[in-house]
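Here are my notes on the packing in this model. Please read them with the structure open.

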Amino acid sequence: MIEIHGISRIYMREDGTPVPALRDVSFSIGRGEFVTVRGASGSGKSSLLNILGCLDTPTAGTYRLDGEDVSGYTDEQRSNIRCHKIGFVFQSFNLLPRTTAVENVEIPALYVGGRVDRDRALDILGRVGLAERAGHFVSELSGGEQQRVAIARALMNDAPLLLADEPTGNLDSAAGESIMRLLAELHREGRTIVLVTHDDGVAAYAQRELLIRDGLIASDRPLPGASAHAPDSTAAVPASG
Amino acid sequence: MTWRHLMRGGLRQIWRYRLRSMLVICCAALGVAGAVTSVNYASGGRQQVLSRIQQLGTRLLVINAEQSRSVGGRARTGTIVTTLTEADYLALRRDVDGIARSSAMVSSGLRLKAGYLSKVAPVLGVEPDFFAIKSWVLASGDFFEAEDVRRSARVVLLGWQVARDLYGDQDPLGERLFINRVPFEVAGVLAQRGQGLDVINEDQQVYVPLTTAMRRLLNLDHYRSILLDVEDSQDMVRVAADVTALLRVRHRISAFRPDDFTVGSQQELIETQLAAASRLGFLVRWIGFSGLVVSGLGVLAIAWIAVRDRTREIGTRRALGARRRDVFFQFAFEASTLAMIGAGTGLGAGWLASRLAASQAKLPFVFDLDNALLALGMAVVLNFVFASWPAIRAARMDPIQALRHE
């Protein structure tokens with residue numbers, strides 16, 4: 001699903017000094033894997049996530065997503081990739097205010113072109129357990145419910161890759177747990193999930209953990225708890241450096 | 001994003017942020033309404049000036065018998081001069097080309113008496129063409145004719161104000177009016193004109209046939225003045241020169257003596273008035289234009305704030321697959337839709353306000369469609385530009401930064 005080879009991302013300070021956020025990182029993630037990315041703040045995990053999400057392009061290296069080399073893509077091409085291949089789940093939900101749940105779910109479909117399938121949006125909302133809340137405004141929903149809407153939105157275009165950035169960070173533990181169960185379920189359906197988190201509890205649901213430190217992959221290990229979740233057989237490539 | 005989604009989503013956003021939407025609409029509407037109203041108001045003013053000039057006679061030359069001279073140490077002018085005679089008048093009509101119409105005139109302030117009411121008013125003895133020259137119409141009754149002049153008929157036409165003063169709401173037609181104790185029959189009442197550009201209120205005068213005034217009222221055999229309506233306004237200077245030359249010869253004025261008459265036109269007055277009107281028009285258009293720009297800046301400011309407030313939304317939409325142009329179109333559509341609604345509303349409001357202003361200021365109501373459309377067009381272009389700018393900013397945002405924006 002994801003093949004990263006020799007990726008670097010170097011930011012330029014205003015005075016011209018380069019600040020490397022990622023240094024020659026390589027790894028791959030197989031289709032259907034559930035991977036958590038962990039690391040202290042400033043370790044480079046946000047940069048990695050931005051590149052994985054095609055929001056940013058690497059300074060060097062290649063990134064193949066679903067067999068397609070996207071590292072040199074233009075803004076427009078990356079928009080297209082995000083639209084069709086990637087579902088985002090954010091820490092602070094990022095739902096549009098003053099908008100109903102189902103309208104939020106429909107947003108990714110707007111950018112595909114053609115008709116927006118409201119029934120599909122309602123269907124997905126039903127799958128995340130919010131069938132009755134479809135017509136409610138975002139402000140009328142609890143945090144956990146809002147994150148469910150966001151997950152439903154990430155599924156709208158049937159993206160094979162879900163990128164979740166601290167999806168439980170703004171939730172109490174009960175709501176966080178239910179969100180994790182939902183993600184685990186989506187994983188069981190065969191979706192690839194990459195999840196950035198600080199939360200140790202999340203480890204119980206994932207198969208594999210990437211630890212990032214100073215722009216390098218410090219460790220890449222399978223998680224024992226994951227064995228219950230029918231792992232995809234793709235072997236992890238050891239991290240370079 | 002298809003057009004249908006763009007429109008539906010845009011209209012929904014407009015409804016969701018309705019306070020802000022109302023602000024944009026008001027802003028655009030006020031700009032257009034202000035421009036339209038002020039331009040129409042200026043056009044109304046110009047229209048009024050033009051119609052007053054029309055009343056004054058645009059191709060009018062007035063010959064006045066005047067000679068400054070000293071009699072017993074006092075300067076005397078005017079009616080004392082007895083040199084402008086019927087023979088002069090006939091010679092003028094015979095020898096000077098390019099005169100369409102003319103009327104000799106005498107005048108004096110005399111006492112009018114109708115029933116128990118009396119007042120002193122200027123009485124003008126004129127020929128029938130006088131009213132044509134002045135493009136004046138009757139409120140009621142009939143003008144007098146050449147026949148009335150020939151037989152010095154005792155008929156009188158009343159200025160509107162005189163008729164009011166002497167007869168109130170009664171119909172004065174056929175009533176008896178004494179002028180210096182001579183009985184006259186009221187033949188007609190002239191239409192109201194108000195104060196002219198020459199500051200004479202013609203509504204406060206009465207008009208009798210020329211010969212009647214000369215023989216029955218004033219006992220004169222010379223004229224106070226002669227009004228000439230020149231056929232072609234290009235000819236004014238030439239006719240004035242011809243008239244001057246002819247009269248100098250007839251009056252045997254030697255080369256170094258001044259004229260004993262003046263030949264004047266209203267040209268200068270008209271030009272001053274027209275210049276003032278067009279200066280006002282220019283000023284008003286400028287104010288209107290500035291108003292438009294200010295309202296456009298208002299639209300810009302609100303659209304700018306909208307983009308800033310919705311930075312997170314922009315980041316989110318970009319992450320979910322929106323291309324730059326999707327974001328641009330979304331914001332440009334929202335802002336320019338509002339601006340268009342506002343401009344349309346402003347056109348209607350401007351029409352109403354123009355009517356109101358015209359009726360309040362007693363000016364003719366003019367809806368200057370060309371200028372209104374110009375204002376509308378400018379508003380549309382300005383607002384589109386001003387709405388696009390923040391939209392471009394929105395489209396250019398780095399999605400990563402936008403997502404992080406608090």
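1. Start with a helix pair. α3(B) and α8(B) are oblique to each other. The reason is the angle: helix α3 (residues 86–95) of chain B and helix α8 (residues 236–250) of chain B pack at about 140 degrees, and angles count as roughly antiparallel only over 145. Their axes lie 11 Å apart. Bear in mind that this is a predicted model.

2. The crossing of α3(B) past α8(B) is right-handed. On the α3(B) side, the contact uses D88(B), A91(B), L92(B) and D95(B). On the α8(B) side, V243(B), L246(B), L247(B) and R250(B) take part. By class, this contact has 5 nonpolar and 3 charged residues, with no polar ones.

3. Now look at α2(B) and helix α11 (residues 324–360) of chain B. They pack at an angle of about 35 degrees, and their axes are 6 Å apart. This crossing is right-handed. Its contact residues divide into 21 nonpolar and 10 polar, with no charged.

4. Which residues touch the most other members of the largest nonpolar core? They are A28(B), V32(B), V299(B) and A335(B), in a core of 115 residues. Helix α2 (residues 18–56) of chain B supplies the largest share of this core, with 13 residues. A second, separate core has 51 residues, including V96(B), A104(B), L177(B) and L227(B).

5. V299(B) deserves a look of its own.

Technical notes: Residues are numbered from 1 along each chain as its sequence is written. Chains are lettered from A and ligands numbered from 1 in the order in which they are written. This is a predicted model: local features need pLDDT of at least 70, side-chain atom pairs count only at pLDDT 80 or more; totals for chains, interfaces and linings use all residues. A nonpolar core is a set of buried Ala, Val, Leu, Ile, Met, Phe, Trp, Tyr and Cys residues joined through C-beta atoms within 7 Å. A residue is buried if 20 or more other C-beta atoms lie within 10 Å of its own, exposed if 12 or fewer, and partly exposed in between; C-beta atoms are placed from the backbone. Helices (H or I, at least four residues) and strands (E, at least two) are DSSP runs, numbered from the N terminus. Axes are lines fitted to C-alpha atoms, for helices over the stretch in contact, and angles run from 0 to 180 degrees between N-to-C directions. Angles under 35 degrees count as roughly parallel, over 145 as roughly antiparallel, 65 to 115 as roughly perpendicular and the rest as oblique. A crossing is left-handed if the near helix is turned anticlockwise from the far one by less than a right angle, and right-handed if clockwise. Two residues are in contact if their C-beta atoms, placed from the backbone, lie within 7 Å. Ala, Val, Leu, Ile, Met, Phe, Trp, Tyr, Cys and Pro count as nonpolar, Asp, Glu, Lys and Arg as charged, and the others, Gly among them, as polar.
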